[in-house]
Amino acid sequence: SSSTNDNHTRSAAGARESLCKVFLRVPALQREIINLILDKLPEYAHTDDDGNDGCADIPKLLVSQLRWLDGIEDATALTEGILAQVNVVPSHLQRELISLLPEVVEDRAFKPVITALQE
């Protein structure tokens with residue numbers, strides 16, 4: 001039946017979602033997990049885009065966990081964390097982080113973010 005197919009589609013989509021993404025939906029855990037993800041970026045940023053050491057995708061996987069969050073408890077803290085990491089990661093990760101900003105920056109914070117990126 002149609003409702004069985006809908007339920008199967010929803011459960012299949014949920015099965016592909018990472019545990020990290022699930023935890024990011026929990027308001028009490030979100031800020032700590034975001035901080036952990038952002039803190040780990042420089043640790044893996046030394047890898048190159050060719051994947052010579054097998055870890056090149058880890059920074060992108062970490063950043064991908066922050067994409068399309070259903071609800072951001074503290075958008076200001078996330079924005080500040082992203083901006084702080086932009087200054088310490090290689091250019092390919094800078095682009096990844098900067099591409100997150102439109103999704104998380106609150107309307108009133110666009111000007112300060114633009115100023116920070118110009119510096």
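The largest cavity is lined by Gln30, Arg31, Ile34, Asn35, Ile72, Glu73, Asp74, Ala77 and Leu78. H3 and H5 are the elements that give two or more residues to this lining. H3 gives the most, with four residues. A cavity here is a set of points, on a 1 Å grid over the protein atoms alone, where a 1.4 Å probe fits but cannot get out; lining residues have an atom within 4 Å of a point. The volume of the largest cavity is about 50 Å³. Volume is the space filled by probe spheres set on the points, with grid points joined across faces, edges and corners. One cavity of 30 Å³ or more is found in a search of the whole structure.

The model is predicted: local features need pLDDT of at least 70, side-chain atom pairs count only at pLDDT 80 or more, and totals for chains, interfaces and linings use all residues. Residues are numbered from 1 along each chain as its sequence is written, and side-chain values use heavy atoms, with hydrogens and water left out.

The protein has seven helices and zero strands. Its pattern along the sequence is α-α-α-α-α-α-α. Helices (H or I, at least four residues) and strands (E, at least two) are DSSP runs, numbered from the N terminus. Of the 119 residues, 31% are buried. Buried means under 20% relative accessible area, exposed over 50% and partly exposed in between (1.4 Å probe, protein chains only).

In soluble globular proteins, nonpolar side chains tend to be buried together. The largest nonpolar core holds 24 residues, of which Leu38, Leu78, Ile82 and Leu97 touch the most other members. Helices H3 (27-44), H4 (57-64), H5 (75-86) and H6 (91-104) each give two or more residues to this core. Such a core is a set of buried Ala, Val, Leu, Ile, Met, Phe, Trp, Tyr and Cys residues joined through side-chain atoms within 4.5 Å. Beyond its neighbours within four places in sequence, Leu38 is in contact (heavy atoms within 4.5 Å) with Leu66, Leu78, Gly81, Ile82, Gln85 and Leu97. Among contacts between residues at least 6 apart in sequence, 62% join residues at least 24 apart.

His46 is placed in the loop between H3 and H4. His46 is exposed, with a relative accessible area of 59%. The C-alpha atoms of His46 and Val89 are separated by 8.3 Å, and the two residues are 43 apart along the chain.

Arg67 lies over the face of Trp68, at 5.9 Å from the ring centre. The rule requires NZ of Lys or CZ of Arg within 6 Å of the ring centre and within 35 degrees of the ring normal.

How values were computed: On a 1 Å grid over the protein atoms alone, a cavity is a set of points where a 1.4 Å probe fits but cannot get out, and a pocket is an open set with protein on both sides within 12 Å along at least five of seven lines; lining residues have an atom within 4 Å of a point.
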